[in-house]
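Let's take a walk through this structure together. Have a look below, then read on.

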Amino acid sequence: FDPGSLDETMRYKRIVYSGNDDACISTSPEKLVTVLDSITNNRIGIDPVRYCAGDHPGPIEGQTPGGGDAGNYAYQWEIQTSGAWNHVDGATYKDFTPQMLETDTRFRRIVYSGQLSVADQYACNDTSPVLPLEVIPYIINLTGLQDQSLCQGNTPLPFDPLPATGGYGGITYQWIAREEGSATWADAPGTSDQADYAPGSLEKTTWFARKAFSDICEQVSDT
């Protein structure tokens, strides 16, 4: 007997008849087939959803599901960067905190409920909508400049490093400076928002670095 798809809990039994005029009748024990409600409210979210390469996002929060064997749920988070989806080892809780991100990454959560007698087998499962996290590529901002020595009041040679690369949608700059004896970095004086920079005369030993910005990301060069 194939009961087909069911929408509610059912009990079944089989009656066997034999002999003339069904002289013999035997009724089997009842078989209970419990039908659980479909799992609902399997949604996940995080704010923000855009990051810089190398960032560690906060926790992705999953809503508490409904349906199934109410109150009894198991979870498995999955990850995809390209190609197939893969289980995240140990990610078996309602919420999930990803590791460092380096490329666009998608997450989803599978909810299981109604554990069967076979280990790790469940009557119900539901997969959440996909949560995509956009990751801005690394900014490569290396100046490779050599230290210079000069007398007080003199002007250093101009800084002419290679432009920064990477990021997303173009790169802008800001040179910063810190004088000896100060712990504070400040915008370098003069025209300091280009890939190169020409310092003015210096009265103190001064360190310079270049900030490179792309979209929401920032990378500070070597000094």
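Where does L142 lie? You'll find L142 in the loop between β15 (139-140) and β16 (165-166), with strands being DSSP E runs of at least two residues, numbered from the N terminus. Before going further, bear in mind that this is a predicted model, where local features need pLDDT of at least 70 and side-chain atom pairs count only at pLDDT 80 or more, while totals for chains, interfaces and linings use all residues. Residues are numbered from 1 along each chain as its sequence is written, and side-chain values use heavy atoms, with hydrogens and water left out.

L142 has a relative accessible area of 62%, so it counts as exposed (over 50%; buried is under 20%, partly exposed in between, with a 1.4 Å probe and protein chains only).

Now for the charged pairs. Side chains of opposite charge can pair when their charged atoms come close. The count comes to 6 salt bridges, each a side-chain nitrogen of Lys or Arg within 4 Å of a carboxyl oxygen of Asp or Glu. One of them joins E134 and R50 at 2.9 Å, N to O. That pair links distant parts of the chain, with E134 in strand β14 (residues 131-136) and R50 in strand β7 (residues 50-52), 84 residues apart. E134 is partly exposed at 29%, and R50 is too, at 28%. Another salt bridge pairs K211 with E218, the closest N and O atoms being 3.8 Å apart. Salt bridges that share partners also join R50, E134 and D215 into one network.

Finally, the largest pocket, which holds about 470 Å³ of space. Of its 22 lining residues, D147, Q148, T206, W207 and F208 are the closest to its centre. A pocket is an open set of points on a 1 Å grid where a 1.4 Å probe fits, with protein on both sides within 12 Å along at least five of seven lines; lining residues have an atom within 4 Å of a point. Strand β19 (residues 206-214) gives the largest share of the lining, 4 residues. By type, the lining divides into 10 nonpolar, 8 polar and 4 charged residues.

How values were computed
Grid points are joined across faces, edges and corners, and a volume is the space filled by probe spheres set on the points. Ala, Val, Leu, Ile, Met, Phe, Trp, Tyr, Cys and Pro count as nonpolar, Asp, Glu, Lys and Arg as charged, and the others, Gly among them, as polar.
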